[in-house]
Amino acid sequence: ILSGPGVLWEATRSATPILLSCAFGAFVLTNAIIRDDDSEMTASRIMRIAALVLALGILPLTVFAAISMGTRVAQYGISPERIWGLVAIGFACAYGLAYVVALVRGRKAGWHDALRRANLHLAVVGCVLALIVALPVFDFGAISARNQIARLEEGRVSVEDFDYAALRWDFGEGGRKALRGMGTDATGDLAARVKEALAQKERPWSYREAPDDKAQRRENIRLEFSDPDLRRRATDAVLAAQWHCQAACVVLDLGEPEPGKRKLALIQGADAQIFTLDLTQPIGSEADSGLGLDREQGGERTQLKKDSNVEVRPYAGRQIYVDGKPMGEPFD
């Protein structure tokens with residue numbers, strides 16, 4: 001109350017379900033106290049006051065949940081899950097408002113009966129609402145796909161950060177139809193990413209990263225080569241795992257071990273990871289499984305800094321140097 005909702009938003013990314021759970025708990029406990037009629041209610045004055053306070057608390061909790069969900073939708077757009085969440089929040093807000101109205105109209109003596117009547121009316125409304133949203137006319141996947149594509153076209157989400165897999169797998173047939181429609185007119189990088197998503201045989205399961213976090217990791221990457229195709233492939237391979245490049249990192253080109261292959265090194269912290277990209281595969285198909293860790297053995301560990309000078313020096317083989325100090329074991 002004193003600090004505002006910002007404290008809650010910063011403390012957790014699950015503000016909406018937490019608030020709705022609290023509101024649901026208040027609803028259950030309120031009805032556990034008031035029962036079906038006054039003869040079954042507890043005689044404890046403290047318990048009755050607690051039920052009154054809980055009933056009054058439902059509306060502010062659900063309003064805060066609505067604000068939380070609205071913030072999430074403004075940031076990341078609509079998805080089928082968020083639409084269902086908005087339906088649930090709207091219904092919960094209706095309960096909170098109805099309880100406040102019942103308490104005001106019932107006044108001191110009759111608020112118990114007013115809440116029971118509100119429960120009956122809201123149960124009927126809930127059944128009607130469930131029937132309406134279950135009708136085929138409401139295709140949440142298609143609605144969500146149109147919203148997400150509009151965000152892409154308006155530049156609110158970049159081509160790199162757009163979730164093509166969600167349209168392919170999570171938004172139903174409406175999402176797949178929208179994705180195929182994107183591929184019809186798309187060119188360049190966008191066309192390649194749409195084609196890759198449509199060609200997927202199974203859902204690429206991974207932790208869903210917030211776009212802002214991924215954008216920050218992208219900014220942390222320093223690529224020590226200029227080839228645009230290789231830069232795109234290397235960036236995709238590194239960003240495939242959320243633990244890469246949380247701080248400054250550098251990617252080096254170590255050459256061509258064989259035709260159609262490219263050996264690269266990812267430097268972050270005190271670790272050097274050597275991995276190979278298959279240039280014969282479509283752009284965007286690189287997976288993190290090819291990254292192999294090569295840790296420095298013994299001695300003082302060299303730490304990469306944001307402004308570190310990173311180079312490959314001749315050796316009886318070759319080895320990575322950071323600020324003039326060798327890192328890891330020779331890779332050739």
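Which residues form one aromatic cluster?

1. The cluster consists of F24, F27, F91, Y95 and Y99. The model is predicted, so local features need pLDDT of at least 70 and side-chain atom pairs count only at pLDDT 80 or more, while totals for chains, interfaces and linings use all residues. Residues are numbered from 1 along each chain as its sequence is written, and side-chain values use heavy atoms, with hydrogens and water left out.

2. Rings of Phe, Tyr and Trp (its six-membered ring) pair if their centres lie within 6.5 Å; planes under 30 degrees apart count as stacked, over 60 as edge-to-face and the rest as tilted. By this rule there are seven aromatic pairs. In one of them, the ring centres of F27 and Y99 are 6.2 Å apart and the planes meet at 40°, so this pair is tilted. F27 belongs to helix α2 (residues 15-34) and Y99 to helix α4 (residues 80-133), so the pair ties together parts 72 residues apart in sequence. Helices (H or I, at least four residues) and strands (E, at least two) are DSSP runs, numbered from the N terminus.

3. Buried means under 20% relative accessible area, exposed over 50%, and partly exposed in between (1.4 Å probe, protein chains only). F27 is partly exposed at 23%, whereas Y99 is buried at 0%.

4. The rings of W84 and F140 have centres 5.0 Å apart and planes at 70°, so this pair is edge-to-face. W84 is partly exposed at 44%, and F140 is buried at 11%.

5. G269 lies in the loop between β3 (261-268) and β4 (271-278). The C-alpha atoms of G269 and Q303 are separated by 5.2 Å.
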